[in-house]
Amino acid sequence: MNLKMTGLIIGYILAIIFLFELYEHQLGAISFFILTVVFFTAAYRQKSKKKKRNDL
């Protein structure tokens, strides 16, 4: 495993812990909002890649 992959795995683990802690303190709506932003960003990137590939 390279350094970038290790950093991603550590980041994912920390994000899961953070979201779980929010959920445990009755702040589940905040964690769902954060996940919504993450998924929206991922979908937007996919759409941009697809559009760029179709333009070529």
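**Figure 1. The loop at Q26.** Q26 lies in the loop between α1 and α2. The model shown here and in the other views is predicted. The phi angle of Q26 is near 60°, a positive value in a residue other than glycine. Q26 counts as exposed because its relative accessibility is 74%, and the cut-off for exposed is over 50%.

**Figure 2. The whole chain, for orientation.** The chain has two helices and zero strands. Its radius of gyration is 15 Å, well over the 10 Å that the globule rule gives for 56 residues, so the chain is more spread out than a compact globule. Taken along the principal axes, the C-alpha atoms fill a box of roughly 50 × 30 × 5 Å. Of the 56 residues in the chain, 7% are buried. The accessible surface of the chain comes to about 5,600 Å², and carbon and sulfur atoms account for 70% of that surface.

**Figure 3. The largest pocket and its lining.** The largest pocket has a volume of about 160 Å³. Its lining consists of Y12, A15, I16, L19, I34, L35, V38 and F39. Both α1 (3-24) and α2 (28-55) contribute, each with at least two residues of the lining. By residue class, the lining of this pocket holds eight nonpolar residues, no polar ones and no charged ones.

Figure 4. S31 has its place in helix α2. With a relative accessibility of 5%, S31 counts as buried, because buried means under 20%. When neighbours within four places in sequence are left aside, S31 is in contact with L19, L22 and Y23. Among these partners, L19 also belongs to the lining of the largest pocket.

**Figure 5. L35 in helix α2.** L35 is found in helix α2 and is one of the residues that line the largest pocket. L35 counts as partly exposed because its relative accessibility is 30%, a value in between the limits of 20% for buried and 50% for exposed. The view also takes in G7: L35 and G7 are 28 residues apart in sequence, and their C-alpha atoms are 19 Å apart in space.

**Figure 6. I13 in helix α1.** I13 lies in helix α1. Its relative accessible area is 45%, so I13 is partly exposed. The second residue in this view is A42. I13 and A42 are separated by 29 residues in sequence and by 18 Å in space, C-alpha to C-alpha.

**Figure 7. F20 in helix α1.** F20 lies in helix α1. F20 is partly exposed, with a relative accessible area of 46%. The view pairs F20 with K4, and these two residues are 16 residues apart in sequence. In space, the distance from F20 to K4 is 24 Å, C-alpha to C-alpha.

Methods: Residues are numbered from 1 along each chain as its sequence is written. This is a predicted model: local features need pLDDT of at least 70, side-chain atom pairs count only at pLDDT 80 or more; totals for chains, interfaces and linings use all residues. Side-chain values use heavy atoms; hydrogens and water are left out. On a 1 Å grid over the protein atoms alone, a cavity is a set of points where a 1.4 Å probe fits but cannot get out, and a pocket is an open set with protein on both sides within 12 Å along at least five of seven lines; lining residues have an atom within 4 Å of a point. Grid points are joined across faces, edges and corners, and a volume is the space filled by probe spheres set on the points. Helices (H or I, at least four residues) and strands (E, at least two) are DSSP runs, numbered from the N terminus. Ala, Val, Leu, Ile, Met, Phe, Trp, Tyr, Cys and Pro count as nonpolar, Asp, Glu, Lys and Arg as charged, and the others, Gly among them, as polar. Buried means under 20% relative accessible area, exposed over 50%, partly exposed in between (1.4 Å probe, protein chains only). Contact means heavy atoms within 4.5 Å. The radius of gyration is taken over C-alpha atoms; the globule rule is 2.2 Å times the number of residues to the power 0.38. Accessible areas come from the Shrake-Rupley method with a 1.4 Å probe; for residues, only the protein chains shown count as cover.
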